[in-house]
Amino acid sequence: MPCRTNHNNYYFFPVFLSYFDSPFGEVLIANTPKGVYYLGVVNDQSGYVANDFEKRFGYAKPQKVETLLQRTARDYLNGKMDEPLAFHLKETSYQTEIWRRLLYIPFGKVITYATLAGCNDHSRAAWAANGKNPIFWIVPCHRMVYTNGKFDRYSWGKDIKTRLLAWEFVNSEI
């Protein structure tokens, strides 16, 4: 799925947010008219999500309104569409490149941080960029593992990552 990223300044755009249920729990989704810029699992982490959202987008005065873009993202997550989604992200060029690469990891597969980075020397930088991804599930940062095949951290919790990977593996075309 190609990634379309808009680099325009957030400060001048209205922010819309809503919540919806997913197979992995309640999800908060936020967007501007230019694209999705946050998708996070709430579940038992409502404090974490609120703090994470505030840290990333504290300047925003979000309106609780469900938008067409949010419904499109929800349909994407429910397997009802596969068209590209527009993202409106605040990032460095390196983070953008790492997130773009994540979009090309096949559904139901995992790769290492070193593979994502292109070499072992940059695996830590890829790990750090991956950890700043504000778009849960659609930008599939959960498909990353260490060189030994293990993982220990995931913003939305190790249980969610394990469930996501298992669900994708079972639902992928082998």
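Tutor: Residues are numbered from 1 along each chain as its sequence is written, and side-chain values use heavy atoms, with hydrogens and water left out. In this predicted model, local features need pLDDT of at least 70, side-chain atom pairs count only at pLDDT 80 or more, and totals for chains, interfaces and linings use all residues.

Student: What is the mean pLDDT of the protein chain?

Tutor: The mean is 84, and 90% of the residues reach 70 or more. pLDDT is the predictor's confidence in each residue, from 0 to 100. Over residues 1-8 it is below 50. Where pLDDT is low, the predicted coordinates should not be read in detail.

Student: Which elements have the lowest and the highest mean pLDDT?

Tutor: Strand β1 (residues 4-5) has the lowest, 45, and strand β7 (residues 111-112) the highest, 94. Strands are DSSP runs of E, at least two residues; helices are runs of H or I, at least four; both are numbered from the N terminus.

Student: Why is Glu-91 called buried?

Tutor: Buried means under 20% relative accessible area, exposed over 50%, partly exposed in between (1.4 Å probe, protein chains only). Glu-91 has 18%, so it is buried. This residue, Glu-91, sits in the loop between β6 (86-87) and α3.

Student: What makes Thr-96 buried?

Tutor: Its relative accessible area is 19%, so Thr-96 is buried. Thr-96 belongs to helix α3. From Thr-96 to Asn-130 is 34 residues in sequence and 9.8 Å in space, C-alpha to C-alpha.

Student: Which residues of helix α5 are buried?

Tutor: In α5 (residues 123-131), Ala-126, Ala-129 and Asn-130 are buried. They cover an arc of only 100° around the axis, which puts them on the same side of α5. The arc is that of the directions from the helix axis to the C-beta atoms.

Student: What do the buried residues of α5 pack against?

Tutor: They pack against α3 (93-102), α4 (113-117) and β8 (144-145). Contact means heavy atoms within 4.5 Å.

Student: Which residues lie nearest the centre of the second largest pocket?

Tutor: Trp-127, Asn-130, Gly-131, Lys-132 and Ser-155 do, out of 17 lining residues. A pocket is an open set of points on a 1 Å grid over the protein atoms alone, where a 1.4 Å probe fits, with protein on both sides within 12 Å along at least five of seven lines; lining residues have an atom within 4 Å of a point. α1 (46-57) and α5 each supply at least two residues of this lining.
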